[in-house]
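Here's a quick walk through one protein model, residue by residue and then out to the bigger features. Have the structure open as you read.

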Amino acid sequence: MEFLVEGFMVVNWRQVVMYVIGILLIYLAIKKEYEPSLLLPMGFGAILVNLPMSGVIDQLVEGKIATHGIIQWLFEVGIEASEAMPILLFIGIGAMIDFGPLLSQPVMFLFGAAAQFGIFFAICAAALLGFDLKDAASVGIIGAADGPTSILVSQILDSRYVGPIAVAAYSYMALVPIVQPFAIKLVTTKKERRIHMKYHAGTVSRPMRIAFPIVVTFIVGFIAPSSVALVGFLMFGNLLRECGVVKTLSQTAQDNLANLITLLLGITISFSMRANEFVQPETILIMVIGLLAFVFDTIGGVVFAKILNLFRKEKINPMIGAAGISAFPMASRVVQKMAQEEDPTNIILMHAAGANVSGQIASVVAGGLVISLVSQFL
């Protein structure tokens, strides 16, 4: 009983805030089903690492640190020392993605690139608000709309804000169905949202599907070498899917590997959610900048589509540009839902899916470019 009382006595207000945040993340995961596979372990982990004298961080013997706790060990081995967890997750993501809609409509590559505008807008905003270059770049990468990329970039650049960045990235990914419709309607008219598009379903041969991940790896490797770990593992996962001779490995990557890494990554990143580091004024700024990054990602893609329409006879529904963010496949579903709300007969899902998988590639390339550019000034 005395030890229990002592535990309550050492709890400070910052830890209480983290308990509330942890419970909120768990609520959003269970009640609202917002990215439950990540928000649930992150929320529970946020509670674990902020319990007084928590053994998940340091194991104490007679008041001295005897060994690191399990969450701290996972963080040091799986993220800090090698960045292994977020990189390995890309094998599973690659194995899940069908690049067919993109290969049948190569123009969709442009929307993936245009929808990364939010990254560079957010980097500039963070720098103007007083973050140093490595932290500003790490905060800006929230605009990649890709949780593993955000974690990896912030860790490689040794940012002080890995925890808030991870929470912002995954929270806004989960809120894509709320954030994106608002941003799309800001810059489109009802008439534009009703534009129908013909789907020219070209045949994508098996050799092309197999060659695509190999060619992309070569191209990115020469253009942005720092992206190779990200893009290479993403493309390797896709090669497992498309080659057709390792179906068991492909299924393992999609299910067992992706689920296991997601589970471990969610609870491990909570090490960066310790109260004394997380509950700071900068955390609020990071959440605000992250929201702006998502909004300007969406606006960047939509405006690019509207610019293209100035030169095209066959008009593009500008909402397709919004699907160019990396939140796959949620963004493409949001775009299709909005199209059908405006006109129940309007089917643009395949176009949106092509832009969406393009955004998955573009986000990891952008992450590598940010690492390369910032590293030159550190």
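Met 42 is buried, because its relative accessible area of 0% is under the 20% cut-off. Keep in mind that what you're looking at is a predicted model. You'll find Met 42 in helix 3. Once you set aside its neighbours within four places in sequence, Met 42 is in contact with Leu 25, Ala 166, Val 167, Tyr 170, Gly 266, Ile 269, Ser 270 and Met 273. Go 20 residues along the chain and you reach Gly 22, whose C-alpha atom is separated from that of Met 42 by 7.3 Å.

Next up is Gln 72, in helix 4, which covers residues 70-80. Is Gln 72 buried or exposed? Its relative accessible area is 9%, so Gln 72 counts as buried. Leaving out residues within four places in sequence, Gln 72 has contacts with Val 56, Ile 57, Asp 58 and Phe 271. Thr 268 sits 196 residues from Gln 72 along the chain, yet their C-alpha atoms are separated by 7.5 Å.

Now slide over to helix 13, residues 190-193, where Arg 193 lies. Arg 193 is buried too, because its relative accessibility comes out at 9%. Not counting residues up to four places away in sequence, Arg 193 touches Ile 184, Lys 185, Thr 188, Asn 317, Met 319, Met 338, Ala 339, Glu 342 and Asn 346. Glu 192 lies in helix 13 as well. With the residues up to four places away left out again, Glu 192 touches Val 187, Lys 306, Asn 317 and Pro 318. So far as partners go, Asn 317 turns up on both lists, for Arg 193 and for Glu 192.

| Pair | Apart in sequence | C-alpha to C-alpha |
|---|---|---|
| Met 42 and Gly 22 | 20 residues | 7.3 Å |
| Gln 72 and Thr 268 | 196 residues | 7.5 Å |
| Arg 193 and Glu 277 | 84 residues | 44 Å |
| Glu 192 and Pro 207 | 15 residues | 37 Å |

Asp 158 is worth a stop for its backbone. What is its phi? It's positive, at about 60 degrees, although Asp 158 is not a glycine. Asp 158 is placed in the loop between helix 10 and helix 11. At 52% relative accessibility, Asp 158 counts as exposed, because the cut-off for that is over 50%.

What about cysteines? The structure holds zero disulfides. Cys 124 has a relative accessibility of 47%, so it counts as partly exposed, whereas Cys 243, at 14%, counts as buried.

On to the nonpolar packing. The largest nonpolar core has 95 residues, and Phe 99, Ile 320 and Ile 361 are the ones with the most contacts inside it. If you look at Phe 99 and ignore its neighbours within four places in sequence, the residues in contact with it are Phe 212, Met 235, Asn 238, Val 357 and Ile 361. There's also a second, separate core of eleven residues, which includes Ile 123, Ala 137, Val 370 and Ile 371.

The largest pocket has a volume of about 670 Å³. Its lining is made up of 25 residues, and the closest to its centre are Glu 35, Ile 93, Met 96, Phe 328 and Pro 329. Which elements give two or more residues to this lining? They are helix 3 (36-48), helix 5 (84-96), helix 10 (147-156), helix 11 (162-174), helix 16 (247-268) and helix 20 (330-342). Helix 16 provides the largest share, with five residues. Sort the lining by residue type and you get 14 nonpolar, seven polar and four charged.

Note on methods. Residues numbered from 1 in each chain as written. Predicted model: local features only at pLDDT ≥ 70, side-chain atom pairs only at ≥ 80, totals over all residues. Heavy atoms only, no water. Disulfide = S-S within 2.5 Å. Buried < 20%, exposed > 50% of the residue type's maximum accessible area, 1.4 Å probe, protein only. 1 Å grid on protein atoms, 1.4 Å probe; cavity = no way out; pocket = protein on both sides within 12 Å on 5 of 7 lines; lining within 4 Å. Points joined across faces, edges and corners; volume = space filled by probe spheres on them. Helix = DSSP H or I, 4+ residues; strand = E, 2+ residues; numbered from the N terminus. Nonpolar A, V, L, I, M, F, W, Y, C, P; charged D, E, K, R; others polar. Core = buried A, V, L, I, M, F, W, Y, C linked by side-chain atoms within 4.5 Å. Contact = heavy atoms within 4.5 Å.
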